Amino acid sequence: IRTVTYFFIFLNLSLAVFEEPAVYPLPFLVTSLVEVLCLLVFFGRLTHFAKVTLRNVFWKDTKNICIMVAILLSLTDLAIYGVLRIYNVSSIRWSRIVRPIFLINFAESRQIRRAFRSIRNTLPEITYVFLLFMFSLLMFSLMALKLFGERNLQTAEGLPYFKNYLEIVFDLYVLVTTANSPDVMMPAFDFSSWYALFFIAFVIVNTYIFMSLFLAVVYNNYKKHLKVRFGEMNCD
């Protein structure tokens, strides 16, 4: 039963590769039939679980409620999408976001559920580091706007360079990953080589310091919550 459940969970999640917009598109009828088959298997597994569980215990378990709601939402969305498709009305499959619920909430996924709870409990504790990082990013973006915005610089494509604050925030956010380095720096560097110090300082503060700090906080808190979960499991 566990192998069959995992197989259909994987099949349901993999439909995103074949549904529009798709990497390997398949006809809507094929993907919809596969999805209905998966949902029937999930419903059968839930029904089987209900047969071997006390009724009051079954209905008090939020995991079972989540699975039932996800099945209903998926079927409703599939029906609406199919009707709109018949009338050539463009729409999206918004129920795709609920598909991971099946992976997390089935009884066979205890280890995944423990890891998910650890991640969920870690998120509030890394919020402060994330806010500090965003504050640093916004301040560097404001400095870049003041430094380069009034110098009428242009990119290699002939577009205005660092004129719009939100675009600056996005460009510097990408620079944290070094994906646009050193291209994002070159217009300012061509104007004056001293401006390279700004981008060097940005990379040191945000890429090397904040990203390392962020990773350390995530790792330590996740490890702490994981130990607590395993300790509770061993006590049980």
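UniProt positions are given here in the numbering of this chain, and such annotations may be inferred rather than shown by experiment. With that in mind, the unreviewed UniProt entry places the feature "domain: Ion transport" at residues 4–224. The model itself is predicted.

Start with the secondary structure. The protein chain holds nine helices and zero strands. Read from the N terminus, the order is α-α-α-α-α-α-α-α-α. Residues 4–224 are 71% helix and 0% strand.

Next, the overall dimensions. What radius of gyration does the protein chain have, against that of a compact globule of 236 residues? The chain has 25 Å, whereas the globule would have a value near 18 Å. The box tells its own story. Along the principal axes, the C-alpha atoms fill roughly 75 × 55 × 25 Å.

Now the packing. Of the 236 residues in the protein chain, 33% are buried, where buried means under 20% relative accessible area. Contacts can be sorted by sequence separation. Among those with a separation of 6 or more, 67% join residues 24 or more positions apart.

The protein chain exposes about 15,100 Å². Carbon and sulfur atoms supply 70% of that area.

Last, the charges. The protein chain carries 22 positive and 15 negative charges.

Technical notes:
Residues numbered from 1 in each chain as written. Predicted model: local features only at pLDDT ≥ 70, side-chain atom pairs only at ≥ 80, totals over all residues. Heavy atoms only, no water. Helix = DSSP H or I, 4+ residues; strand = E, 2+ residues; numbered from the N terminus. Rg over C-alpha atoms; globule rule 2.2 N^0.38 Å. Buried < 20%, exposed > 50% of the residue type's maximum accessible area, 1.4 Å probe, protein only. Contact = heavy atoms within 4.5 Å. Areas by Shrake-Rupley, 256 points an atom, 1.4 Å probe, with all protein chains shown as cover. Lys, Arg positive; Asp, Glu negative; His and termini not counted. Charge placed at Lys NZ, Arg CZ, Asp CG, Glu CD.
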